[in-house]
Amino acid sequence: MPELPEVEALREFLDEHLAGRVVERVLPLAVSVLKTYDPPLGALEGQPAGATARHGKFLAIRIGELHLVTHLARAGWLRWQDALPDKPPRPGKGPLALRVALEGGGGFDLTEAGTQKRLAVYVVRDPLEVPGIARLGPDPLADAFDRDAFAALLAGERRQIKGVLRDQSVIAGIGNAYSDEILHAAKVSPFKLAASFDEEQVTHLYEAVRRTLAEAVERAHGVAAGNLKAEKKSGLRVHGRDGEPCPVCGDTVRSVSFADSSLQYCPTCQTVGDTNTIAQVRGIR
């Protein structure tokens, strides 16, 4: 799933390649993708694209007086094309969900692999009309997100820290992969209760949040949209590396499955909790 660093890189890419171009056509090709109907997609046609904003994992492209907002979900992606195929796409065939064609040629596709169709597109007058954006917590890289703001979010949280970091209503933009990376960098067990952190541990975790995300954003800066997935994977130290040696201590990275996902951690570096039981992952979402 694209998370804050990859979505931020896509935002930068669209600002460079899309801003100032005029939308010629918008073609919805998957029934499930469009979540709003007023204003219609057709209202975007003939309008110039402006700046693209990021809200957590959402992209909001200003087009005329409206905003085309998308959440790529787990298996979605944005594919830029300098020249679109002459043959019109067939609805319901393959991963293509929506195409935006630009005057003068080129444009981009929103695609989604797999059978779970969760990619979402909205046309709104204000991004805050999108329920998922309206519910977002603070952006962890915003200037206002200081150590005290982070501490206030953890206070009273009786959930495991892994689930808290992934909760978009608490902190916007962190998903399964970067929560694993942050906790590994901070040497914190994913099973530790958020409210149990002392002052020093809060500071250490806050610094890991900022550092891990900032470094990932820096690595993704300037990377072409088509290469961002590979870049993300290459920079991960524990997530998706079950059975491999921890790059810090050499112990074997462990994996715990829950619901339709999994987490990875090092039982030596992240010292609390090394019994893979259902009880440990209860409450992690």
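Contact here means heavy atoms within 4.5 Å. The model is predicted.

**Exercise 1. Describe the surroundings of T212: its element, its burial and its contacts.**

Step 1. T212 belongs to helix α6.

Step 2. The cut-off for buried is under 20% relative accessible area. T212 has 11% relative accessibility, so T212 counts as buried.

Step 3. Leaving out residues up to four places away in sequence, the residues that T212 touches are Y178, E181, I182 and A185.

Step 4. A polar atom of the T212 side chain lies 2.7 Å from the backbone oxygen of A208.

**Exercise 2. Determine how the buried residues of helix α3 are arranged around its axis, and what they pack against.**

Step 1. Helix α3 covers residues 147-154, and its buried residues are R147, F150, A151 and L154.

Step 2. Viewed down the axis of α3, these buried residues fall within an arc of 100°, so they line one face of the helix.

Step 3. The general rule is that an α-helix has 3.6 residues a turn, so residues three or four places apart point the same way.

Step 4. D148 and A152 are exposed, on the other side of α3.

Step 5. The packing partners of the buried residues are α4 (161-166) and α6 (199-220).

Step 6. After α3 comes G156, with a positive phi near 80°.

**Exercise 3. Classify the aromatic pairs W80 with F108 and F191 with Y265.**

Step 1. The whole structure holds six aromatic pairs. Such a pair is described by the distance of the centres and the angle of the planes.

Step 2. For W80 and F108 the ring centres are 6.5 Å apart and the planes lie at 20°, so this pair is stacked. W80 is in strand β5 and F108 in strand β7, 28 residues apart.

Step 3. W80 counts as buried because its relative accessibility is 16%; F108, with a relative accessible area of 2%, is buried too.

Step 4. F191 and Y265 are edge-to-face, at 5.4 Å centre to centre and 80° between the planes. F191 sits in the loop between α5 (176-186) and α6, and Y265 in strand β10 (residues 261-265), 74 residues apart.

**Exercise 4. Locate the largest nonpolar core and the residues with the most contacts inside it.**

Step 1. This core has 35 residues, and L68 and F108 have the most contacts inside it.

Step 2. Its largest share, five residues, comes from α1.

Step 3. Neighbours within four places in sequence aside, the contacts of L68 include L41, I61, V100, F108 and V123.

Step 4. A second, separate core has 28 residues, among them L4, V170, L213 and V217.

Technical notes:
Residues numbered from 1 in each chain as written. Predicted model: local features only at pLDDT ≥ 70, side-chain atom pairs only at ≥ 80, totals over all residues. Heavy atoms only, no water. Buried < 20%, exposed > 50% of the residue type's maximum accessible area, 1.4 Å probe, protein only. Helix = DSSP H or I, 4+ residues; strand = E, 2+ residues; numbered from the N terminus. Arc of directions from axis to C-beta. Core = buried A, V, L, I, M, F, W, Y, C linked by side-chain atoms within 4.5 Å. Polar contact = N/O pair within 3.5 Å; in protein donor to acceptor, adjacent residues only side chain to side chain. Phe/Tyr/Trp six-rings, centres within 6.5 Å; stacked < 30°, edge-to-face > 60°.
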